[in-house]
Amino acid sequence: MMRRHWIIGMVCAFLALGSSAWAAKGRWVETQVWSGSGTIVTEPFLINGPKWRLLYAPRGTGSFEIRVHDSAGNVIETAAETRELVRGTRTFKGDKGLRYLTLKGVDASWEVRLEQYLNVVEEWQLTQWLRGWKPAVEPVAVWVGQSTDAEFELVIPAGNSWKVMVTNESHGRLSATMEAEDGRLPLNAVLESPQQVVGWGYRSGAYKLNIKADNTPWRVEVFGVVFPR
């Protein structure tokens, strides 16, 4: 009887060790994908693994750049800065936390994929965070038009970030630029087919929105955003 209990105990111990090893084993998980052209600032994302990487594929004749920001807006890494538009991968190790990217293509389109190395617990934690992390979003302005060459002004209330959605509804050429008071261009996009680009900004204040449309219906929506703390 004692021998049987000892065997059962050893089996349970091995199963527990196996389960623990399985839970600790990591894999690369794709968590975000961005594609477009020109310049955008991405939404915030949570790094929850010990390492993560950016896989980028620019196309065109110009240059391409990726900058990584922390939650305070500081540039902590330049992930890519190239005039030869070739595919590449940049891997990071370090602290977990919120990040966002500035993606800048000059005469270039691009696709960027974010992958994190996560075990099953970290993957579950990230999924739960995505489900529960809901920013408060409030409409600020909407503009629509067709053949347009115009500048619009807007003010993002103090304490708010912002989100802009630019939609080209046909096959004409549409360019949209958001310019801050200090001359920064957090959004600089050209759309030449029915598509939408989404950009984010993390500073309140006055902005100018420049729209140029060549006989194509378009729509621009701007939202104030307050992130949960």
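## Basis of the model

The structure is a predicted model, in which local features need pLDDT of at least 70, side-chain atom pairs count only at pLDDT 80 or more, and totals for chains, interfaces and linings use all residues. Residues are numbered from 1 along each chain as its sequence is written, and side-chain values use heavy atoms, with hydrogens and water left out.

## Overall composition

The protein has two helices and 14 strands. Helices (H or I, at least four residues) and strands (E, at least two) are DSSP runs, numbered from the N terminus. Of the 229 residues in the protein, 41% are buried. Here buried means under 20% relative accessible area, exposed means over 50%, and partly exposed lies in between (1.4 Å probe, protein chains only).

A contact means heavy atoms within 4.5 Å. Among the contacts with a separation of 6 or more, 80% join residues 24 or more positions apart.

## Nonpolar cores

A nonpolar core is a set of buried Ala, Val, Leu, Ile, Met, Phe, Trp, Tyr and Cys residues joined through side-chain atoms within 4.5 Å. The largest such core has 43 residues, and those that touch the most other members are Leu54, Ile66, Val112, Trp143 and Val220. Another core, of nine residues, lies apart from it and includes Leu118, Trp129, Trp133 and Phe227.

When neighbours within four places in sequence are left aside, Val112 is in contact with Gln32, Val33, Trp34, Leu54, Leu55, Tyr56, Phe64, Ile66 and Leu103.

## The enclosed cavity

Rolling a probe the size of a water molecule over the atoms shows where empty space is left. On a 1 Å grid over the protein atoms alone, a cavity is a set of points where a 1.4 Å probe fits but cannot get out, whereas a pocket is an open set with protein on both sides within 12 Å along at least five of seven lines; lining residues have an atom within 4 Å of a point. Grid points are joined across faces, edges and corners, and a volume is the space filled by probe spheres set on the points.

The structure holds one cavity of 30 Å³ or more. The largest cavity contains about 40 Å³ of space, and its lining consists of Thr31, Gln32, Phe45, Leu46, Gln116, Leu126, Trp129 and Leu130. At least two lining residues come from each of β1 (27-41), β2 (45-47) and α2 (120-132), with α2 giving the largest share, three residues. Five of the lining residues are nonpolar, three are polar and none is charged. In this classification, Ala, Val, Leu, Ile, Met, Phe, Trp, Tyr, Cys and Pro count as nonpolar, Asp, Glu, Lys and Arg as charged, and the others, Gly among them, as polar.

The volume of the largest pocket is about 820 Å³. Its lining has 36 residues, of which Val41, Tyr100, Gly201, Tyr202 and Arg203 are the closest to its centre. Two or more lining residues come from each of β1, β3 (51-70), β6, β9, β12 (195-201) and β14. The largest share, seven residues, belongs to β6. By class, the lining of this pocket has 18 nonpolar, eleven polar and seven charged residues.

The second largest pocket has a volume of about 170 Å³. Among its 15 lining residues, Ser35, Ile40, Gln196, Val197 and Val198 are the closest to the centre. The elements β1, β11 (187-191) and β12 each give two or more residues to this lining, which has eight nonpolar, six polar and one charged residues.

Thr167 is found in strand β9 and is buried, because its relative accessible area is 15%. The side chain of Thr167 makes a polar contact with the side chain of Gln196 at 2.9 Å. A polar contact is a pair of N or O atoms within 3.5 Å; within protein, one must be able to donate a hydrogen and the other to accept it, and residues adjacent in sequence count only if both atoms are side-chain atoms.

Glu169 lies in the loop between β9 (161-168) and β10 (174-180). Glu169 counts as partly exposed because its relative accessibility is 47%. Beyond residues up to four places away in sequence, Glu169 touches Pro194, Pro217 and Arg219.

## Positive phi angles

Asp107 is not a glycine, yet has a positive phi of about 55°. Asp107 is found in strand β6 (residues 97-118). Asn215, in the loop between β13 (205-213) and β14 (218-226), has a positive phi near 50°.
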